[in-house]
Amino acid sequence: MSHVSPYTKVRGGRKAAVGNVGRPPVGWALPGILFFAVFAIVPLAIAVYLSFCHWDGLNSPTPVGVDNWTRLFKDPEFRQAAWLSLLLTTVSWAFQTPVALLLGVWAAGRQRSRTFLSAVFFIPLLLSTTAIAMLFHALLDPNFGVIKQIGPWFGIDPNLMGSSTGALLTVAFVGGWQFMPFHTLIYQGGARQIPEVLYQAAAIDGAGMLRQFFHITLPQLRNTITTSSVLMIVGSLTYFDTVLIMTKGGPGTDTTILPYLMYRTGFQTYDLGYAAAIATALVIVATGLSLILVRFSGFGSMRSTREGM
C-alpha cells in the first residue's frame with residue numbers, strides 16, 4: 001500500500017496541497033475590504049489632500065502647495081511633540097510588555113485561582129478611556145485626591161501632575177493600566193499554543209522553570225511579541241483622550257504629544273490644513289516604526305513555531 005502524505009491528497013491522479021482545499025474565495029473578504037476602505041483609506045486620502053491646503057473649517061479648502069509641510073519641519077513645537085510621542089511610546093512599551101508577557105504566560109496555566117483573577121484583571125479593558133482618565137484625574141488631584149493622603153507615605157509629591165516627568169509617566173501608566181489586559185490576552189493565547197511536549201522534554205533534561213521560560217517560552221512567543229509590540233506602538237502614538245482629560249498637554253507643553261497638538265491646531269486655532277499635515281505625519285511615523293519592527297524581528301518571513309511537531 002502506497003503512503004500518502006498527510007499534507008496532500010489525491011485528486012484525479014494528481015496530488016493537491018491540502019492547504020489549497022476549502023480555501024474561501026476572495027469575495028468573502030469584500031465586506032472587510034469595503035469597510036476598511038470607507039472608514040480608513042478614504043479619510044486618510046482626504047487628510048493627505050487637506051495637508052496641502054489652507055482650511056479654517058468653514059470656507060472651502062484653498063490649495064497652498066507644500067507650505068504646511070515646510071512649516072511642519074521648521075516648527076519647534078512639532079519637533080517637541082514628535083519627541084514626546086516617541087518617548088511616551090517607548091515608556092509605554094517598556095512598561096506594558098514585560099508585565100503583559102508574564103501575566104499572559106501565567107494566565108495560560110492551570111492554577112486554581114487563574115480564572116477568577118484573570119476576569120478581575122480584564123475589567124479595565126471593558127471601561128472607556130474617558131471614564132478611566134476622569135477616574136485617575138480625580139484620584140491624583142493634589143488637593144482632594146487620594147494621592148494627597150497616601151502620596152507622602154511612599155515619598156511621592158501629591159502634585160505629581162505638576163512636573164513634566166510625573167505627568168508623562170502618569171499618562172503612560174494610565175494607558176498601560178487600561179490596555180495591558182488586551183496584550184495579556186494576546187500572550188495568553190500565544191502561550192497556550194506552545195506544545196506541552198517541549199516542556200516535558202525540558203523537564204526530563206533537568207531544566208527548571210526559569211530555563212524553560214527563557215529557552216522555550218520566549219522563543220516560541222517571538223511572533224506574538226512582535227504582534228503585540230506593533231499594536232502597542234500604534235496605540236501609544238495615538239493617545240489623545242488621556243492627555244486631553246488629565247493634563248491638557250501640560251504642565252506647559254510637556255505632554256503635548258502629536259495627537260493633542262493636532263487637536264489643538266485644528267479645533268482651537270482652526271488651522272485644519274496644518275492639523276491635517278500633522279495627522280499625516282503621525283500616520284507616516286506610526287507606519288514607519290511598525291515596518292521597522294516587523295523588518296528587524298523577522299516577522300514578515302515567520303513560520304509556524306509548531307512546524308514538525
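**Reading a nonpolar patch, aromatic pairs and salt bridges**

Modeller: Helix α4 gives the most to the nonpolar patch, with three residues. This is a predicted model: local features need pLDDT of at least 70, side-chain atom pairs count only at pLDDT 80 or more, and totals for chains, interfaces and linings use all residues. Residues are numbered from 1 along each chain as its sequence is written, and side-chain values use heavy atoms, with hydrogens and water left out.

Colleague: How many helices and strands are in the chain?

Modeller: Helices (H or I, at least four residues) and strands (E, at least two) are DSSP runs, numbered from the N terminus. Here there are 14 helices and four strands.

Colleague: What share of the residues counts as buried?

Modeller: Buried means under 20% relative accessible area, exposed means over 50%, and partly exposed lies in between (1.4 Å probe, protein chains only). Of the chain's 309 residues, 34% are buried. Areas come from the Shrake-Rupley method with a 1.4 Å probe; for residues, only the protein chains shown count as cover. The chain exposes about 18,700 Å², and carbon and sulfur atoms supply 68% of that.

Colleague: What share of the contacts comes from residues 24 or more positions apart?

Modeller: A contact means heavy atoms within 4.5 Å. Among contacts in the chain with a separation of 6 or more, residues 24 or more positions apart account for 66%.

Colleague: Back to the patch. Which residues make the nonpolar surface patch?

Modeller: Patch residues have over 30% relative accessible area and no salt bridge; like charges are joined within 9 Å, nonpolar side chains (Val, Leu, Ile, Met, Phe, Trp, Tyr) within 5 Å. This patch covers about 630 Å² and consists of F116, L117, V120, I123, L127, F173 and W177. Helices α4 (114-121) and α8 (164-192) each supply at least two of its residues. W177 sits in α8.

Colleague: Is W177 buried or partly exposed?

Modeller: W177 is partly exposed, because its relative accessibility is 31%.

Colleague: Now charges. How many salt bridges are there?

Modeller: Side chains of opposite charge can pair when their charged atoms come close. The cut-off for a salt bridge is a side-chain nitrogen of Lys or Arg within 4 Å of a carboxyl oxygen of Asp or Glu. That rule gives two. One joins R71 and D271, with the closest N and O atoms 2.6 Å apart. This pair links distant parts of the chain: R71 is in helix α2 (residues 67-74), D271 in the loop between α13 (258-267) and α14 (272-297), 200 residues apart. R71 is partly exposed at 40% relative accessibility, whereas D271 is buried at 14%.

Colleague: And which residue forms a salt bridge with E77?

Modeller: R264 does, with the closest N and O atoms 1.9 Å apart. E77 in helix α3 (residues 76-107) and R264 in α13 are 187 residues apart, another link between distant parts of the chain. E77 is partly exposed, at 28% relative accessibility.

Colleague: Over the face of which residue does R71 lie?

Modeller: A charge sits over a ring if NZ of Lys or CZ of Arg is within 6 Å of the ring centre and within 35 degrees of the ring normal. R71 lies over the face of Y274, 3.7 Å from the ring centre.
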